[in-house]
Amino acid sequence: MTSSQTAILGAGVMGETLLSGLVRAGRRVDHLLVGEKRAERAAELTDRYGVAVLDNVEAARRADTIALVVKPQDMADLLAEIAPVLGPGKLLVSLAAGITTAFIESCVPAGVAVVRVMPNTPALVDEGMAGISPGSSVTDDQLAEAEGLLASVGRVVRIPERQQDAVTAISGSGPAYIFYVVESMIEAGVHLGLPRTTATELVIQTLVGSAKMLRETGTHPTVLREQVTSPAGTTAAALRELEVHKVRAAFLAAMESARDRSRELAEGS
Ligand SMILES: NC(=O)C1=CN([C@@H]2O[C@H](COP(=O)(O)OP(=O)(O)OC[C@H]3O[C@@H](n4cnc5c(N)ncnc54)[C@H](O)[C@@H]3O)[C@@H](O)[C@H]2O)C=CC1
Ligand SMILES: O=C(O)[C@@H]1CCC=N1
């Protein structure tokens, strides 16, 4: 376990997800620092984890690895604030959608290592999926350090940075699409007359079971779907309606839109 200090600047949903994962993974709380603009949120995190909350500049000065977990729109101001205490040897790990390593490098002194990551919220239960890409001056050890932060809360894949907007659209935003499908199926169950608690249990266990089949059998989803679809049966009737309502096309359009929005965030809008 590393003995160096890690700072998390911006401790909202994703910042706390990373913080809690590092704590669960056995990272010593006195090796973790938090910078958080909202005082009441900072107090909440100190209460919950016993972690020290400092101002951003002090946290960035003390830490070797600095996770940037503010909204993309807040990134330029945060970098301007901490740039004076950055220099070679510091590692910045950005979790922000859209923001490129080139942009971050342009805001900080030369020689600062920058790694771009796109995580997702299932990291909260150690089932996260993260895509990770190094900037222009990252050593193997620094990339491994950044990878280790995310590996403590799930899986990590190294990807070329040009794929980050697509990764954001698929796995970064992905849990929201799954939760949306789950909500829709529960509502449908209620519509069909099931008690809400029953519908909820049926849908969640079906989701978990299906996910486990995908992972454990390694069978292609098309084959698994065909196995459920009896000739002239109930599933075929349902799938025909999904095709009529262009659900597959809607998923493609939705993810293209997320990819495009990630690109726009890079331009500060
Ligand atoms: N929520 C998610 O599922 C995912 C979020 N992300 C990325 O993580 C980043 C954060 O997103 P969320 O946690 O959802 O947003 P959030 O709004 O919950 O958290 C952002 C936090 O940053 C704090 N903050 C803002 N400016 C600050 C500053 N200058 N210094 C210190 N703290 C500051 C805010 O008070 C807030 O607590 C975004 O860039 C987003 O693109 C990436 C993948 C998934
Ligand atoms: O919605 C967003 O912009 C962030 C990035 C990926 C998931 N949540």
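What share of the contacts in the protein chain with a separation of 6 or more comes from residues 24 or more positions apart?

1. Residues 24 or more positions apart account for 67% of those contacts in the protein chain, where two residues are in contact if their C-beta atoms, placed from the backbone, lie within 7 Å. This is a predicted model, in which local features need pLDDT of at least 70 and side-chain atom pairs count only at pLDDT 80 or more, while totals for chains, interfaces and linings use all residues. Residues are numbered from 1 along each chain as its sequence is written, and chains are lettered from A and ligands numbered from 1 in the order in which they are written.

2. The protein chain has 12 helices and 8 strands, these being DSSP runs numbered from the N terminus (helices H or I, at least four residues; strands E, at least two). Taken along the principal axes, its C-alpha atoms fill a box of roughly 70 × 40 × 35 Å. Of its 269 residues, 32% count as buried, that is, with 20 or more other C-beta atoms within 10 Å of their own, whereas 12 or fewer makes a residue exposed and a count in between partly exposed, with C-beta atoms placed from the backbone.

3. An unreviewed UniProt entry annotates residues 7–98 as "domain: Pyrroline-5-carboxylate reductase catalytic N-terminal"; positions are in the numbering used here, feature names are shortened, and annotations may be inferred rather than shown by experiment. In the model, this span is 41% helix and 18% strand, and its end C-alpha atoms lie 21 Å apart.

4. Ligand 1 is surrounded by 28 residues, of which the closest are Gly10, Gly12, Met14, Ala96 and Ala97; a residue counts as near if its C-beta atom, placed from the backbone, lies within 6 Å of the molecule. Helix 1 (13–24) and helix 4 (75–82) each supply at least two residues of this shell, and helix 1 gives the most, with 3 residues. By class, the shell has 13 nonpolar, 8 polar and 7 charged residues, where Ala, Val, Leu, Ile, Met, Phe, Trp, Tyr, Cys and Pro count as nonpolar, Asp, Glu, Lys and Arg as charged, and the others, Gly among them, as polar.

5. Around ligand 2 the residues are Ala97, Thr168, Gly172 and Ser173, giving 1 nonpolar, 3 polar and no charged residues.

6. Two loop residues deserve a look. Asp126, in the loop between strand 6 (113–118) and strand 7 (128–134), has a positive phi of about 60 degrees although it is not a glycine. Asp126 counts as partly exposed because it has 14 C-beta neighbours inside 10 Å. Ala232, in the loop between helix 10 (221–228) and helix 11 (234–244), is likewise not a glycine and has a positive phi of about 55 degrees. Ala232 has 7 other C-beta atoms within 10 Å and is therefore exposed.
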